[in-house]
Amino acid sequence: MIEVKGLVKTYGPKRAVDGVSFRVNRGDILGFLGPNGAGKSTTMKMITGFLRPDSGTATVDGIDVTVDPVAVKGKLGYLPESAPAYPEMTVEEFLGFIAEVRGFRSATARGAQVDRAIGLTHLSPVRKQTIETLSKGFKQRVGFAQALLHDPGVLVLDEPTDGLDPNQKNEVRSLIKAMAVDKAVILSTHILEEVDAICNRVIIISRGKVVADETPASLHARKPGARLDEIFRTLTASDV
Amino acid sequence: MTQISPIFKREFFGYFRSPVAYVFLVVFSVASIGLAFFVGGFFKANQATMQSYFTFYPWLFLFLIPAAGMRLWSEEKRTGTVELLFTLPITTLEAVLGKFLAAWAFLTLAILLSLPLAGTVAYLGSPDWGVIASTYFGGVLMAGSYLGVCSLTSALTKNQVISFVISVVACLALLFLGWSVFSEVLGSIFPVWLVDLLSNFSFITHFDAFTKGIIDPKDVVFFLSLMGFTLFLNVVALER
């Protein structure tokens with residue numbers, strides 16, 4: 001469970017995130033929408049403890065990220081935007097490293113976690129390949145595997161389907177859906193169809209502020225018959 | 001602190017996953033031994049010592065250690081893996097120490113590759129092993145201090161070239177303060193006590209005693225405290 005209270009982050013004169021608050025419960029898949037630069041990634045970076053908020057807090061399973069960031073990081077799985085990984089390592093070596101840092105110290109425990117993550121994300125054909133030789137779709141899946149590796153209760157995914165082809169997008173979506181039964185998931189996207197496809201809640205942010213926090217159905221009900229991108233455009237009209 | 005070990009392993013073996021390690025080790029060995037043979041007069045001196053080998057260390061380190069250290073943090077920043085690393089359950093100090101110790105171990109390996117030269121000296125004459133051992137010890141300590149400076153400058157930028165240039169300039173300053181030629185220039189301007197004080201901050205001043213077979217606690221403390229100080233600033237720079 002994730003609880004975000006009044007997060008604020010300022011870069012120089014620009015207030016990137018301006019008092020964002022929301023809650024995500026277990027079983028929820030929250031779609032985090034907004035135009036580019038609206039503060040989606042910054043908010044996620046604060047929840048995961050990578051950035052320190054100027055004010056406000058985020059708690060994961062009751063632990064405050066500003067008080068005990070290491071404990072929160074242990075509970076989270078995080079897929080950063082563009083899925084960074086060490087290019088010179090093979091998929092197996094990389095996931096083995098993540099498993100070791102995540103506390104799977106014995107070789108057998110580590111192997112089991114790595115195999116599980118590789119199985120879930122269908123990486124077995126490339127497990128011995130170095131990450132720099134992989135296509136974008138596979139790289140994205142490595143990022144995914146890394147986030148899932150320790151079977152975390154909370155997943156934060158920054159544009160998980162970015163750069164994937166339609167088939168891969170579909171696959172990633174069904175994977176997220178299948179896992180979300182007992183997890184709290186936040187995913188950011190700017191593909192609006194994704195919201196209808198997998199999310200059971202939507203938050204739209206614009207210029208660092210939450211402008212909508214509801215179910216996809218009630219978002220549609222705002223303007224019956226209109227397409228989602230029209231509603232999105234109306235809500236984020238101030239952000240140009 | 002148990003989290004240092006996976007970071008250390010990844011970093012240390014990371015050198016050998018790319019050509020960097022092999023290029024570095026070959027260049028280091030060729031340059032250091034070449035200097036001893038052709039500039040230092042290793043054979044001409046007709047003495048069973050490694051003096052002509054170690055005397056170039058402060059100058060050799062000036063370029064080679066920034067070359068090895070420049071990528072430590074700037075590469076993580078450029079490729080975005082820094083976000084991955086700092087959303088894993090580790091503290092900044094553990095990450096800094098893990099990476100630093102790995103790079104230091106790698107440099108120690110480069111230094112120890114010159115051991116056949118010690119064998120040559122022993123074959124040709126009967127060297128003072130105490131002096132050789134203390135010089136190796138001093139060399140490893142001095143390498144750590146250079147590396148501390150480079151690790152710090154690397155954390156300040158995502159550009160490896162800038163990181164390299166700043167490291168060289170910073171190390172050059174620390175070197176020059178104790179270089180006799182430069183001290184004489186300073187001595188003609190400033191009072192002796194000030195020149196002595198300044199030269200106490202130099203690598204050369206503190207390395208000299210080791211090459212004479214003296215392990216003076218104040219020299220050891222100098223190198224260790226320089227490492228501690230730069231690594232402390234390194235943590236501060238990353239948490240900024």
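**Figure 1. Salt bridge between A:Glu93 and B:Arg17 in the predicted model**. A:Glu93 pairs with B:Arg17, and their closest N and O atoms lie 3.1 Å apart. A salt bridge requires a side-chain nitrogen of Lys or Arg within 4 Å of a carboxyl oxygen of Asp or Glu. By this rule, four salt bridges cross the interface of chain B and chain A.

**Figure 2. The interface of chain B and chain A**. Contact (heavy atoms within 4.5 Å) involves 23 residues from chain A and 23 residues from chain B. About 2200 Å² is buried between the two chains, 66% of it on carbon and sulfur atoms; buried area is the accessible area (1.4 Å probe) that two parts lose on being put together, summed over both. On the side of chain B, B:Arg10, B:Glu83 and B:Leu84 lose the most area to chain A, together 29% of what that side buries.

**Figure 3. Surroundings of B:Glu94**. B:Glu94 belongs to helix α7 (residues 92–112) of chain B, helices being DSSP runs (H or I, at least four residues) numbered from the N terminus. The side chain of B:Glu94 reaches the backbone nitrogen of B:Thr91 at 2.9 Å. Beyond neighbours within four places in sequence, B:Glu94 is in contact with B:Met1, B:Gln3 and B:Ile4.

Residues are numbered from 1 along each chain as its sequence is written, and chains are lettered from A in the order in which they are written. In this predicted model, local features need pLDDT of at least 70 and side-chain atom pairs pLDDT 80 or more, while totals for chains, interfaces and linings use all residues; side-chain values use heavy atoms, without hydrogens and water.

Terms used:
Helix = DSSP H or I, 4+ residues; strand = E, 2+ residues; numbered from the N terminus. Polar contact = N/O pair within 3.5 Å; in protein donor to acceptor, adjacent residues only side chain to side chain.
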